[in-house]
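Here are my notes for your first look at this one. Have the sequence and the model open side by side as you go through the points.

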Amino acid sequence: MSLNPIERAQGLRIRSQQDMAAGLFMIALGVFAFLLSGDLPLGSLRQIGPGMLPKSFAVICAALGLMLSLASLRYNGEKLTGWAWRGVFLVLGGACLFGLAIRGFDIGPIHIPQLGLLVAGPLVILVSGLAADDMKWKELIIFAIAMTTACALLFKYALSLPIPLAPWLLGI
């Protein structure tokens, strides 16, 4: 929605707190990604280096964040509200659990062997699926089985990546 003459006379102020917060987060993320990829050679358009893609994405992310932040000064929007922390913790926790379960780990006296993709795949989907309010167990289990099968076929067999499937059971 565009501004009327009275709103325009009020000067520069944040009219959409959510858009401003999201824009600043995207700018910070872009700057952070650009700094982390700083030691990678950029290359040229003729011979692309390993830093071209991450640096390009970082610049695009920061530019879109800047556009979103500027739009929050012009257009009215929603106020900043609280976050749903349950979803954040379960989705990130599921991803961390996947990384630990697929290759195994040792932390002091705790030893978890390699569980492979056949265990880690459904595990990440089931834990992440708990983040949804309208989750149904039957649908989630079917989805976990289908996605794990698709990932095994794609990554292990089609792309020949060295991902362990079930070293505890099949030895592969």
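1. The expected span here is 1.5 Å times one less than the number of residues. Helices are DSSP runs (H or I, at least four residues), numbered from the N terminus.

2. Before going on, a word on what you're looking at: this is a predicted model, where local features need pLDDT of at least 70, side-chain atom pairs count only at pLDDT 80 or more, and totals for chains, interfaces and linings use all residues. Residues are numbered from 1 along each chain as its sequence is written, and side-chain values use heavy atoms, leaving out hydrogens and water.

3. Which residues of helix 3 are buried? They are Met52, Lys55, Ala58, Cys61, Ala62, Gly65, Ser69, Ser72 and Leu73. "Buried" means under 20% relative accessible area, "exposed" over 50%, and "partly exposed" in between (1.4 Å probe, protein chains only). The buried residues of helix 3 pack against helix 2, where contact means heavy atoms within 4.5 Å.

4. Take Ser69 as an example from helix 3. Its relative accessibility is 6%, so Ser69 counts as buried. Apart from neighbours within four places in sequence, Ser69 touches Asp19, Met20, Gly23, Leu24 and Ile27.

5. Now for helix 2 (residues 17-36): its 20 residues should span 28 Å at 1.5 Å a residue, and the end C-alpha atoms, 28 Å apart, agree with that. Met20, Gly23 and Gly30 are buried in helix 2. They cover an arc of only 95 degrees around the axis, so they sit on the same side of helix 2; the arc is taken from the directions from the helix axis to the C-beta atoms. Helix 3 (52-74) is included in what covers them.

6. The other side of helix 2 has Phe25, Phe32, Leu35 and Leu36 exposed. For Leu35, the relative accessible area is 63%, so this residue is exposed.

7. Finally, look at helix 4 (residues 85-103) and helix 5 (residues 117-129), which pack at about 170 degrees with axes 8 Å apart. Axes are lines fitted to C-alpha atoms, for helices over the stretch in contact, and angles run from 0 to 180 degrees between N-to-C directions. Helix 4 and helix 5 are therefore roughly antiparallel (angles over 145 degrees count as such).

Notes:
Helices (H or I, at least four residues) and strands (E, at least two) are DSSP runs, numbered from the N terminus. Angles under 35 degrees count as roughly parallel, over 145 as roughly antiparallel, 65 to 115 as roughly perpendicular and the rest as oblique.
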